[in-house]
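Subject: Handing over the two-chain model

Dear colleague,

I am passing on the structure below, and I would be grateful if you could look it over before reading my notes. What I found follows directly after it.

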Amino acid sequence: MPSIQLRVNGKTLTADVDPNTPLLWVLRDALGLVGTKFGCGMALCGACTVHADGDPIRACSTPVSSVADKSITTIEGLAPAPGKLHPLQQAWIDHDVPQCGYCQAGQLMSAAALLAHTPKPTDADIDTAMAGNICRCGTYQRVRAAIHSAADALARRKA
Amino acid sequence: MNARLQPGLASVDESLRQLIFDMESGATPAPFRAIKLDRRGFLKLTGLAGGGLVLAFSMGGKAEAADATGEFAPNAFLRIARDGSVLIYNKGPEIGQGIKTAFPLIIAEELDAKWSDVKVQQAPVNPAVYGRQSAGGSRSIPDSWDQLRRAGAVARQMLVAAAAAQWKVPAEECTAGESLVMHGKRKATYGSLAARAATLAVPDGSTVKLKDRKDYRLLGKWYTGVDNQAIVTGQPLFGIDQTLPGMKYAVYQRCPATGGKVRSANLDEIKRLPGVRDAFVIEGNGKPTEIMPGVAIVADSTWAAFEARKQLKVDWDESTASKDSWTALARRAAELAKLPAGAMPVANTGSVDDALKSAAKTVSGFYTYPFVAHAPLEPQNCTAWSHDGIVEFWSPTQTADRAIELAAGALGITPDKVKINQTRVGGGFGRRLMNDYMCEAGAIAQRFNAPVKVTWTREQDMAHDFLRPGGFHSLTGGIDAQGKLVAWRNHFITVTQDGKAPSSGAGWAGNQFPGLSVPNYQLTQTMLPIRTPTGPWRAPGSSAVAWVIQSFLHEIAVAAGRDHRDFLLEVMGEPRVLDGGLNTGRAADVIKLACEKAGWGRKLPEGRGLGLAFHFSHAGHIAEVAEVSVDADQRVRLHRMVVAGDIGPIVNMSGAMNQCEGAVVDGFSTMLGLQVTMEGGLIEQSNFHQYPLLRMPQHPQVEVHFLQSENPPTGVGEPALPPVAPAICNAIHAATGKRVRTLPLTREGFAAA
């Protein structure tokens, strides 16, 4: 089995996997990073969303070989430092967003990519950025409110 | 207090039949019925090595001596350490309904603990100790309310007694609150009292004093979920996240058509594929709720197993497999609908034929709703390990208590050889009341000398669900000269697996509204045979039939030229409790509240309308008003949904509101565009491109108002869902004059805006 080097959450990791293996299963099975979720396997639900060089991608449909030269961030690496939370994570807790919670890693990663490009998103921006993430429990109203809260928190921090 | 729905009897097998009966009737599952809070043995007490106080339920046994190792902890509901930390065990499966936060809150309230002192852990699966450990039928809160309150209250009484002894004052003069016992100016923390409390006799749990609702400090306020931090940082909480040393990864291929058997498969070829460790046929026992015949592939990774499955060639014996066809079913139902009544009477009050003949006006409609899937976002999965003479599971199940005997039976072992570890559940909606995926994992683990995690693909999850049954209703209603409802006739064309009774989730009881509220009422049934497994889907029965009833009631109100709100209140009649639990007074209160908050009767622009619906289920009285606009291209937008509910006192306001918000999204999503069809026994929808769940751009604003009456508290996972579809359809009618009689809306030419 070929060995592939990946840069994940700031660390260089090695996985012995077939290069066609989707990034999702390399993260989950080979690297033990199970925060990224399997939902559909067809890039339809967004549960597997991670960042590749800051862009949101669907790990279930991304061959690991195609991101070997990129910097991957997963939900485990979203917080800026140990013991600290990303403003979105804090907003998710404060708004009590999760129900079952299964989709929320993907929701957070899509939202984080949105705020990185669009620090003060409108509702229309949120619709566009989050449309690829299904929440079967229907927590959209709280996801939206939490994104606005986190954007406000980021703005206050910069002010 | 609960709705006594007609249980969807005679399903695929006896254990499911019993399960459905329990879930739908609200009955306590049979094995646990005998468990009562025993007077003397209510609690057993142990001193921990660290001097802590452990209180554990000891059902039927007497208090046992202290165990210095603290080994009673797995049976305990709560533990208080010397440092004042309070550990509370959550006994119920967390499926997204928020029970892992709600149950500990109930204990903490009676304990008078400070919520910030509380840490929550999932309890072991042990129904002999904990009683019911299932999540279904919105029964968690009502079934466990008393048990959990007494667990907290006994602990509080012992801590107060410990303080009283320390201060040499009467216990009655002491008060508790915020993890403190107080007497005058003296205060003692629970932590400082734990060791002394552990030496005291356990008071009688059945007579221990419970708090008055007016003295509640915790319940009813806004609490965030105890697992939120772990969820937002991606910690391994779910079934699919479990890993064990040496674990292998498996897939299991069943016959796509229910009931097919394996004749042969290219096992040798599969075994030679990269990363594959083994491949073998499992005969199974032919029960969809347990183990259907199929082929297991065990590999070094999930992906290797998924890839190997693509190469799998199975020669299926489909001689006895499902040949179900939705098209044929719908065609036959449309023919049958021409008959005013079916062969099976369900309810008959007064004389419907006479009343319709003499009615000033009659209205008829034929309503069709489809099969739908649960599609929880976490696909079915389970980790199992056959070791040391037992089979151990890590399972995202909704029914861990029942799964013990079920898995034992399916695997040919005794229940004491089954150990279940409850994981967080990535969505239940009723799907994981069944433990088929778990039995499969057990059967594979029995053949393999290592822990095995079985993961279904989304396609398998869609292909092997226990669907919410589709159904057909041919209705005629009559009004008198004053515009009062005088007659209601419903010929319900439903599905059956055994020809004797409706399939699971496909029955409807005669006492359901408006069965006891119309002077002349007739409900009859015709059953069409199917093989496709069905089962409870969030608010079983109600999730579909409430749409029919509340839509048709609106049709009649419109025909009578009456205001819908007034008409609905008139049909409810005087405040009283009807057989089945519907309290018409509580119903009227929430109908009025929903209308008031939604601005019922206000003028709206063209193409915009309000729609009202009420439904009583799972002991919850819920009314909803939808505000909808429809454009010239029949694109529908649900702008706002006002939910008014009476589910008694609220435990966690955030959790209760979240359930209602989610129920509105789920209900809208489902009625808008979801349907499962089958042809030649095969499910035609394979993944989310063909099963388009609602997404962010379409979600409505949901407003929730609770009346919080003095009635006993009940669950809210389900009852807010049934009124959603009829409220929206009634609003569409108000906006456009078009009556929706077929779901999903996309089949009537509507689309999401």
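Once its neighbours within four places in sequence are left aside, B:V495 is in contact with B:L329, B:F371, B:P469, B:G470, B:P502, B:S503, B:A506, B:L528 and B:I530, where contact means heavy atoms within 4.5 Å. The C-alpha atoms of B:V495 and B:G507 are separated by 8.6 Å, and the two residues are 12 residues apart along the chain.

Before going further, please bear in mind that this is a predicted model, in which local features need pLDDT of at least 70 and side-chain atom pairs count only at pLDDT 80 or more, while totals for chains, interfaces and linings use all residues. Residues are numbered from 1 along each chain as its sequence is written, chains are lettered from A and ligands numbered from 1 in the order in which they are written, and side-chain values use heavy atoms, with hydrogens and water left out.

B:T423 lies in the loop between β18 (418-422) and α12 (436-446) of chain B, and B:T423 is buried, with 6% relative accessible area. Apart from neighbours within four places in sequence, B:T423 is in contact with B:L237, B:F238, B:G239, B:Q242, B:W394, B:S395 and B:P396. B:R149, for its part, lies in helix α4 (residues 140-167) of chain B and counts as buried at 12% relative accessibility. A polar atom of the side chain of B:R149 lies 3.2 Å from the backbone oxygen of B:K211, and B:R149 is also in contact, beyond its neighbours within four places in sequence, with residues including B:I106, B:E110, B:L210 and B:Y216.

Turning to the interface, 61 residues of chain B are in contact with 50 residues of chain A. The area buried between the two chains is about 4500 Å², of which carbon and sulfur atoms give 59% (buried area is the accessible area, with a 1.4 Å probe, that two parts lose on being put together, summed over both). B:V232, B:L377 and B:M696 supply 18% of the area that chain B buries against chain A, more than any other three residues.

Across this interface the rule finds 26 residue pairs in polar contact, both at pLDDT 80 or more (a polar contact is a pair of N or O atoms within 3.5 Å; within protein, one must be able to donate a hydrogen and the other to accept it, and residues adjacent in sequence count only if both atoms are side-chain atoms). On the side of chain B that touches chain A, the largest share, 9 residues, comes from α17(B).

The rule also finds 4 salt bridges across the interface of chain B and chain A (a salt bridge is a side-chain nitrogen of Lys or Arg within 4 Å of a carboxyl oxygen of Asp or Glu). A:K37 forms a salt bridge with B:D241, with the closest N and O atoms 3.1 Å apart. A:R136 forms a salt bridge with B:D666, the closest N and O atoms being 3.0 Å apart; this pair crosses from the loop between α4 and α5 of chain A to helix α17 of chain B, and both A:R136 and B:D666 are buried.

Within chain B, the side chains of B:D300 and B:R277 meet in a salt bridge (2.8 Å, N to O). B:D300 is partly exposed, with a relative accessible area of 34%, and B:R277 is likewise partly exposed, with 48%.

Finally, in helix α4 (residues 123-130) of chain A, A:I126, A:D127 and A:M130 are buried. Seen down the axis of α4(A), these buried residues fall within an arc of 100 degrees, so they line one face of the helix (the arc is that of the directions from the helix axis to the C-beta atoms). They pack against α3 (104-117) and α5 (140-158) of chain A.

With best wishes

Note on methods
Helices (H or I, at least four residues) and strands (E, at least two) are DSSP runs, numbered from the N terminus. Buried means under 20% relative accessible area, exposed over 50%, partly exposed in between (1.4 Å probe, protein chains only).
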